[in-house]
Structure formats: structure tokens, C-alpha cells
Amino acid sequence: MNHKSIEELGFFQVLQQIKGMSHAPEGKKVLDALPFLDTQDTLAIRQNQVAAAMKLLSGADRLMLHSFPEIQETLTSLDDPAHGAEGYELLDVARYIRSAEHLYNHVDALQDTDNVVTVLHPLLGDGLPYELVALCEQIEGTLDESGQVRNTHPRISALFRQVETAKSERSRFCAQFIRSNPTAVQTDQEAMRDGRLVIPVRSDRRSQVQGFVSSSSSSGNTVFMEPYTLVEMNNSVMLAQNQILVEIAKILGELNSSVRKLRVHVKTLSTRIGNLDAVFSMALWALETHATATDLQTNRCNLEQARHPLLGNKAVPISITLEEDVRAVVISGPNAGGKTVTIKTVGLFALLNQYCGFIPAKEGSSLPLFDNVFTDIGDEQSIEAELSTFSGHMKQIGYILRNMSKRSLVILDELGSGTDPVEGSAIARSVLEYCLEKAKLTMVTSHHGVLKQFAYAKKEVINASMEFNEHSHMPTFRVIQGLPGESHAIDTARYMKLPEEVISRAEQYLGSEAVQIASIIKDLEEKRKELETQEEQTKKRYYTLQQEVKQLQLKELRVRQKENQLKEEQATELARFMSAKRKELENLVKTVREGELDKAKRKQVKAYVQSLEDRVQSEQALLEQREEELSALEVQEQMEFSEGMEVLCGTAKRLGKILKKQGKNKYLVAIGSMRMTLDGKELQVPKEQQKKVLVSYHSSTPRPKLVLDLRGYTLEEALASLEEQIESCLVHGMSTFSVIHGYGDGILSKGITSYLEHHRAIQGFRFATPEDGGMGKTYVQL
């Protein structure tokens, strides 16, 4: 990508934001070197990796990244056997491995339902080598938090005990010497000079002490001496301490050797961590800016609610949609209206899309893939190069026209400005025509009317404008596609309180033709706003209708649930009734079989039969009542009550008349001389007012059979006969029948069962009772 364009679009500033999310120095280097991708396959891989990282870094079980210290200089120094790393540098290597272990352990513990591990596997590799974990434990067990060898190290602790023993003996000797020579010593406390204990001796009595004078006080009254015995003791302490330093150097050398042996593994790990950290940094930035993945399946420019990441909360969302056949956009409108911000946002988002596949815009946004992005934004004036503003622009545009390709994005701000308007507009049109032939997409901002007219004449070029509030005389920063924009210089001048005389003259100089064009644009703008208002009202109406449909569907669901509940209750009650009557019948048959059939037994049989008939009649009466209630309920729900309609009110069903509607399903009703407000649920339409539909029909379908015997049939023949039986039952109003299919191999039984399960007219079916055929016969309920 063109470096100048990347800088002008502010990509490097966004890159600093992304690098600020990094946790490893290697990640920052990878982000700096990461290329822009211009093929769908490679960009899809990177986009999926960032998306997988976002899943890891968000949610209830989100990954908390640890910081990775700088270790590259340490690894470089270890390449030379003559050099070694200090303790704190080795400790950084251990911390680096420990942070990597935390990352790998979190990934290993994942239930990979979202393919996070699968997507990141090329970056993660095959896991953290156990040798590095062992090296980390070795370093942490040897060094403390400051990078010093631990005093508790087995090889050091013994030497420390020797030092402490030698120091104790030395201190005892000094105390005893001072007590034994009270007249010679200056004080009753030994002193420390250069790490050695000495005895403060009076200068005039130093001949009484056999030893070496190491120093004297500033006044000269005291000399500090080491008796010969103390000299040996001091030397013993110094030798023991030197032995500790030698042993520490050996231990650090061994750690250096261990790290040096595994430096290839550590370098490989740092490379993986760098690549992973780069992906995690992009994911954190995407989460921070609420960025979404672009749609890579389309090749059109479609930005919805795009927010420039460098503007923060001040960013005004920009939406712009270009079909694939659009090759250029001419954006016009008032100064400071957002034209430059709009084209810079498109250019920056094109770079971000090809860098990480995520942009701060609404989900569903998309952008074409470009091989290069060229821009001419800002003032190219240069005193050193002896370039005017116009010359600077022409130099940059010349470079762009020579280097762009059929896959390039070209962004030109204020094309043709800085020179004579007539010549500038001619050059602007010529440049735009050339870009149409040589570039994939060109975005131009301009005030030249020639370019606006050119955009109207070419189907592959569209006009766009920045909306301007006529009342506040301020830009709204909203992109309006399909309409050219006015500069609104006259309106701005009037808003800035220039003398009206000046403004009037300016309007006269502007010419009637320009005023008419401005008037036409204003009319188009007003019509556009009216259409937007109508569209908004249509959307609201559509939403209201959706809610009404949902309420109707909910009512229908409740009716069905109530119907199913009633059926279940009725089936349970009938099952109990049948069970009781079956037992009663068995007892009755047993009684009849015993002895002769006398009058009392006949009476019992008749009573049993009568009880069955009574139950059937009661069920029929109950069914008719429920059907009437349901019918009344359906009529009530479907009926639209209107003023002047006669209705039946309340449970007493007193005749009344609707005076007017007072609210949602509330009506003012006159009942005789009384007036009251009733709910629609309390009103019914008199039967004589309800519409009745009479249907007469004639059918040649034969009457159905109570028992359909299919034994001996093939499955195909049996299903055909069963279909005729069901159709006949529906026509003639018969709701139950039975099918004899026998046992056999179970082919008929299984086939008929499967058929009945999927037939929409069948309410239920079950095998017959054992005494009526059992599993060889099926009762069918329509």
C-alpha cells in the first residue's frame, strides 16, 4: 500500500491504538510488519483468527492475558557462549514461559464448541514443550523475585551457615578482646571497616596491641586495629563470602547453560507468542471499538453506521452503499459538512478491512478488496519545492494516475481547486474520466457543478451530498446518495450576519440559472425528506401489524391449548367411566350366567344399558353446549362492534344498544334507560344478526364401514382402502371406526400405524382391548 496514503488516512494512528492493546514486545513487531491482504481466502483466515480471539477474550470464561517481558536481547546474548545472562534476565525468560503456560492451559481447558482452538491452532502449534515448563520451574526454584539466587538454595545455604559461624566466632573474639584490654580500647564496641571487623584503640596505647592498623579517626585520637588473631578471622569470613559468590556464579552459569540448550524452543515460542499477541491485540481493539467482521462474500462498498475510530465519542456514524457497478462517487455539499471525513473514513476502513477484517461499523458492512489505496488530501503546498497549492495537488495526482491499477481505490479531495474555476473543473472532469477507465473505485469531493452534471450523465458514477439543516444553517454530516449538494455559501454568509446588501448583490452575481438549480435541489431534498417520513410511518405501521398478528396467533394458541386440555380431561373421564363399566359388565355377565335368566337379571341388564345411553346423551348435550360457547366466543372475537348495533349484555343477556366506543374494547351501551360502559367480552350479537352460512353438498362416496377388515391385503392395497374409508367418514360425519389388520409379520400393522401418525385428519388411534382383538385391531378417532 502507498505509504503516503496510509499516513494521510490516519492508519498509523489507529495502528498505535492496536499496538497499545499488545501484551508482548514480539506482538508489536508483528503488527508493524503485518501485510495488507488483497485476496478473500487469506483475509478470511485472518478474520476468523481475530473472531476466535474475540470469543476467547469475552464472555464468562474470558481469557485474561498476562504480560510477556522482553527476552530477545537475552536470547541473542545466549547465542554467544562467551556471554551470559544476569539473574533478572533469566527470571524474565521464566516469566515469559509462565505467561505462555497460562495461555496454553486456558486454551486446553476449552470445550471447543465454537472451533476457537481449531482456528487458532496454526498459531498455537502443538502446545507448550514440557522442557520449557521444566526450565521455568528450575529458574523459579533457583532465583527469587529480584533475580538473585535464593538463600535457601541447598548449595548456598550451607555456605551461608559457614559465613555465619565465622562471623560469630569473630564477634566473640572482639568482645573478649575489648573486655581484656579496657585501658587500650577507645570504646566497648568493635567497628566495621571495608567489610572487616576492627578494634578502636587509643592512639597513645596502640603499642599495647599486637596487630595491624587499618585506619584512624579524623581527629587522630583513635586507630582501628586488627590483632593478628582477628586478621585470620576476618580472612576466614571473607573467604567464606567469596565462596558464596563463586557458587552463585556457578549456579547462574548452569542456568545459562540450560536456557542456551533450549533457546531454539524459546525462540519458537516467542515467534508463536508474537503472532498470537498480534491477533489478540486486534481482537481487543475490535472489542474496544465495537468493530464487526466485514462480509467477504460480496464485492460492494456498504458501510452502515461507520464510526471513525480516531474521533471517539465525537464520531458521527456514516452510512454509504454503492452497488458493484458504481465506479465513482462525486460528493458535494457545504464546507465543514463532513465531505473529507467521509472519504477518509471509507479509505481508512478499506485499509482496516484488509489489515484485520474488522471495522467499527454495523454488522453486515462490506468493502471491496483493493491492491492499493491512493489519496490526495490536504494542502500540498511546499515553499522548499517551490510548489503552489494547485501545483502540489497536480504533482500528487500525476503520481496517482501513473501508478493506479484496475484494483485500486483513488480518493481525491477538492479535485480541481486552487486555480481558475473553469480550467479547474475541466481538469477535474478529465481526471475523473481517466480514473473511471483505470481504477476500481474513485471518490471525489468537489464544489464544481461540471462534476455534478458529469455524475448524472454516467450510470457508473453517482452523486452524493452532505445534508444541510436549512433552519439551523449547520451541516448534519449525513450522506445523501443520489443528490448533488449545494455549497450553501449564501446561507452561511447570511447566518454569519454579513450585510444584506452584500448578500443580495452576491445572489445577483450568482445568476438566475444557478438560483433555479439551487431551488430544484432544495425541492428534491424536501421530497426526499417527505419520502423518508412516509417510509418511517410505513415501518411503524408494519411493526403494529406484526404485533397484531402475534396477538392473534397467541389467541389461537390459547384456544388450541384449551381445546387439548378439554380433550385430555374428557378422555381421562371417559377412560375411568369405561373401566368402571367394564368391571360392572363383567360382574353382570357373571351374574347372568349363574342360574336361570329371571326378571331381576333382565332388569339389571336393562339398567346397565340405560346407564350407557344416559351417559351418551349427557356427553352429547355437553358437547353441543361447548360448541355453542366456542361459536359464540369466536363470533365475539371476530365481530367488530359499531355504533347503533344491538347487542346482548352480560350474563343475563339483556338487549342493549351501542352508543359509542370509549377505548380499547370498551363500549358505552344503553340498556333501557340505563347507560353503562362494558367490555367487549361482555357483549354478544343476537343470533338473528349473526350471519349464517348454509352449505349443501352431494357426494358419490359410499358410506363408511364401522369395521374395516384388511387381512389378506398387500400394504399398498390396505393403505388405499384405508384412505377411502377416511374420506368416506369425513364426508358422512362418522368420527370413529376400527381396522382389523391381524398380527402376521407386522407389515400391515406397522405400515398402517405409520400412515395414521402422519395423516392430518386423524386425531388419535390405539390398539383394541384384549377381548376385542388386541394388537390385531386398531381403533381410529377422526
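**Entry 1: Asp-32 and its partner**

I started with Asp-32, which comes out as partly exposed, at a relative accessible area of 45%. This is a predicted model, so I read everything below as computed. I then looked for what the Asp-32 side chain pairs with, and found Lys-19 in a salt bridge, 3.0 Å from N to O. I noted that the pair links distant parts of the chain: Lys-19 sits in helix H2 (residues 11–19) and Asp-32 in helix H3 (residues 25–33), 13 residues apart. I checked Lys-19 for accessibility as well, and it counts as buried because its 13% falls under the 20% cut-off.

**Entry 2: other salt bridges**

How many salt bridges are there by this rule? I get a count of 17. As a reminder to myself, side chains of opposite charge can pair when their charged atoms come close.

I picked out Arg-98 and Glu-101, whose side chains meet at 2.5 Å, N to O. Both belong to helix H6, three residues apart, which is about one turn of the helix. Buried or exposed, where does Glu-101 fall? I have Glu-101 as buried, with a relative accessible area of 18%, while Arg-98 is partly exposed at 28%.

Next I looked at Asp-709, which forms a salt bridge with Arg-711, with 2.8 Å between the closest N and O atoms. Asp-709 counts as partly exposed, at 34% relative accessibility.

I also wrote down a network of salt bridges that links Asp-79, Arg-263 and Lys-267.

**Entry 3: helix H7**

I went through helix H7 (residues 116–124) to see which residues are buried, and got Val-116, Leu-120, Leu-123 and Leu-124. They are on the same side of H7, because they cover an arc of only 85° around the axis. On the other side of H7 I found Thr-118 and Pro-122 exposed.

What covers the buried residues of H7? I found that the cover includes helix H4 (40–57), helix H6 (87–108) and H11.

Asp-194 is one of them, with a positive phi of about 55° although it is not a glycine. I placed Asp-194 in the loop between strand E1 (191–193) and strand E2 (196–202). Asp-194 is exposed, with a relative accessible area of 78%.

His-290 is another, with a positive phi near 60°. Where does His-290 lie? I found His-290 in the loop between helix H11 (263–289) and strand E5 (292–293). His-290 is exposed too, with its relative accessible area at 60%.

**Entry 4: cysteines**

I looked for disulfides and the structure holds zero. Cys-136 is buried, with a relative accessible area of 1%. Cys-435 also counts as buried, at 0% relative accessibility.

Which residues make the nonpolar surface patch of about 340 Å²? I wrote down Tyr-743, Phe-767 and Met-775. I followed up on Tyr-743, which lies in the loop between strand E21 (736–740) and helix H21 (747–758). Tyr-743 counts as exposed because its relative accessibility is 54%, and the cut-off for exposed is over 50%.

**Entry 5: the whole protein**

I finished with the totals. I have 21 helices and 23 strands in the protein. Of its 782 residues, 39% count as buried. The protein exposes about 45800 Å², and I see carbon and sulfur atoms supplying 52% of that area. For contacts between residues at least 6 apart in sequence, I get 66% that join residues at least 24 apart.

Definitions and conventions:
Residues numbered from 1 in each chain as written. Predicted model: local features only at pLDDT ≥ 70, side-chain atom pairs only at ≥ 80, totals over all residues. Heavy atoms only, no water. Patch = residues over 30% accessible without salt bridge, like charges linked within 9 Å, V, L, I, M, F, W, Y side chains within 5 Å. Areas by Shrake-Rupley, 256 points an atom, 1.4 Å probe, with all protein chains shown as cover. Salt bridge = Lys/Arg side-chain N within 4 Å of Asp/Glu carboxyl O. Helix = DSSP H or I, 4+ residues; strand = E, 2+ residues; numbered from the N terminus. Buried < 20%, exposed > 50% of the residue type's maximum accessible area, 1.4 Å probe, protein only. Arc of directions from axis to C-beta. Contact = heavy atoms within 4.5 Å. Disulfide = S-S within 2.5 Å.
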